[in-house]
Amino acid sequence: MTALAIYIDEPKFLAAGESCVVVEFADEISREANDAVTALAKHMRLQKRVPLMECLPTYRSLAIYFDPTKTAREAVIQEARSAPAFSADCGTYGTEIEIPVCYGGEYGPDIANVAEHAGIAEEEVVLRHSAKPCHCYMIGFLPGFAYLGGMDESIATPRLANPRTVIKGGSVGIAGKQTGIYPIDSPGGWQLIGRTPLRLFTPEAARPTLIEAGYEVRFVSVSEDEYKKIEAEVAAGVYRPVIKEADTL
Amino acid sequence: MTELKVGRAGMLTSVQDLGRWGFQSSGVPVAGAMDLPALRLGNAMLGNPEGAAALEVTLLGPELEVCGAGAAVFAGADLGFSVNGRAVGSWRVVELKNGDVISFSGPKNGCRGNLCFAGGVDVPPVMNSRSTYMRAKIGGFEGRALKNGDVVKIGGPSPLWKKLDGFALPPELNPALPPDAPLSLMTGLQEDMFTEEGKAALFSSEYTITTDSDRMGCRLDGQKIEHGGKGGDIVSDAVPLGAVQVPSHGMPIVMLADRQTTGGYTKIGVLTPLSIEALVQKMPGAAVRFREASIDEGTAEQMKIAAAVRRVNELRCSYVSRPRAALTQAGATVSRLRLTVCGKQYDVTCEEMP
């Protein structure tokens, strides 16, 4: 279990209309601020004193939505202030998920671009992309789209000059220093280096997204045969993703 | 079971409820009705749960054939709601019989409303909601707007629904703002990233709704709202309903039902709920003005909407329990009882429903 860095700065409580309070920890992307967001989100979701509509964690702030006819704004702020978000451990923090990826070939048509841009072999792109876990800062833009930080910057590659009109869901791409997975079929301009057979977004499931804000995402290279085997297991509903909770890391 | 056969789908008719709450952290937009207070009042008039799904009708309404029986109310702008060619209008419950044809003669004021049915529109909930989020094809009727030939199911109505015919909303209970009222903006969020001149421009000049407006957002054109030294981009954060987002070009965009969950543009504040309702009824080309409002004003509006919904529920209960001479004359079985509950006496009339 990794202890969170003590968050020193007092967060800002921003007014976001009558039904939302935004607790902002920083005005830039920082791991410390994001960990504080994750911890506060967990606290607000687990607490039972103040009824809430939902909590939306982002890079550096937590939006807390509530019904002002049932919950007083002051009660929301008071509950947030009482959270151990700034110094305590957080269970979600440290949760690691493995994402199997078949790199290159038809699954990752732009891996040659990335290799060329970095001046390395395609195999080395795979090694560097899957070498260390990336941190999920937030989910947004598309249902289930995870904003991942911490990719090996030596394989950073600019977006395609001509974005594709259709990218298959599950495609793993690089855009500048970012890496990510397209959860559903969508247009886009990221350099596609591989594809995962996992379903990132399942609307009918109790938990519709596979990756959650605060997770560590570890890409694992698999062969085409393994990809197809996992794909069949996912389709049959028997695949269990490899998720290690913080306590077992 | 009552069904609606869609003869003509209309301009944009989709199933909407109060929205898909609880999944924004998964990147799933809330969606839901554009005119939320109207949906809540419409459902209250029919004895539906507040969050029952309705058909959101935009400008040119659909033509629907009723298979079965039911009751409906059109909650929202006057788009010429008619049954069998006879004008019913907005905010009045009408009983529907097998073979009735619902149509809309055209907008008289406003842009949209909710065609609510006793029992609600019955589509399978997806992530706890029946609202349609068209961009990701989630929820509602197959994740899309209605098409000609669709058959839409209606759920089981509340008891006594047959006695709702003619129940009308007292106009004073409709919390909608007058059409010429300025939009109330609760400033906040990245307010400090704008110059004083920029803020002054927003509150002192007039903005025009552009044709690029849709369920996701309402784009406005007018005097530039100037940013300070940090420009118009931020590290992406949450986008609440009614947030007034101002990208670097300085033109405001009001974020509506189908807004994305997060965004990277500065937000100068959030509109109050009744101002959102007023805005979504305005046509492209219409002019709007803004005034600065406090959070307390927004909260007071929410309280006012909730109170109106409670009052409509009370009025509906007394409407359905009124003596009905016509039924009695038609030979319905009527019995009268005196009940004592917790020491209080109640005179109760029981009528057998024909």
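**Ground rules.** I am working with a predicted model, where local features need pLDDT of at least 70 and side-chain atom pairs count only at pLDDT 80 or more, while totals for chains, interfaces and linings use all residues. Residues are numbered from 1 along each chain as its sequence is written, chains are lettered from A in the order in which they are written, and side-chain values use heavy atoms, with hydrogens and water left out.

**Entry 1: the sheet in chain B.** I looked up the strand order and found an open sheet of 5 strands, β2-β3-β10-β5-β8 (chain B), with antiparallel pairing. Strands here are DSSP E runs of at least two residues and helices are H or I runs of at least four, numbered from the N terminus; two strands pair if DSSP finds at least two bridges between them. The edges are β2 (12-16) and β8 (94-96) of chain B, each pairing on one side only. Neighbouring strands of this sheet are turned by 30 degrees against each other on average, direction ignored. I then followed β2(B) to β3 (54-58) of chain B: 5 bridges join the two, and B:T13 stands opposite B:V57.

**Entry 2: the helix across it.** Helix α1 (36-46) of chain B lies across β2, β3, β5 and β10 of chain B, at about 155 degrees to β5(B). For such angles, axes are lines fitted to C-alpha atoms, for helices over the stretch in contact, and values run from 0 to 180 degrees between N-to-C directions.

**Entry 3: where B meets A.** How many residues does each chain bring to the contact? Chain B gives 36 and chain A gives 39, with contact meaning heavy atoms within 4.5 Å. The buried area is about 2,800 Å², 65% of it from carbon and sulfur atoms; this is the accessible area (1.4 Å probe) lost on putting the two parts together, summed over both. B:S25, B:L189 and B:V235 supply 20% of what chain B buries against chain A, more than any other three residues.

I counted 2 salt bridges between the chains, each a side-chain nitrogen of Lys or Arg within 4 Å of a carboxyl oxygen of Asp or Glu. One of them joins A:D27 and B:K230 at 3.7 Å, N to O.

**Entry 4: a hairpin in chain A.** Strands β1 (12-15) and β2 (20-24) of chain A pair antiparallel over 4 bridges, with A:A15 opposite A:V21. The hairpin leaves 4 residues between these strands, and A:G17 in the turn has a positive phi of about 80 degrees.
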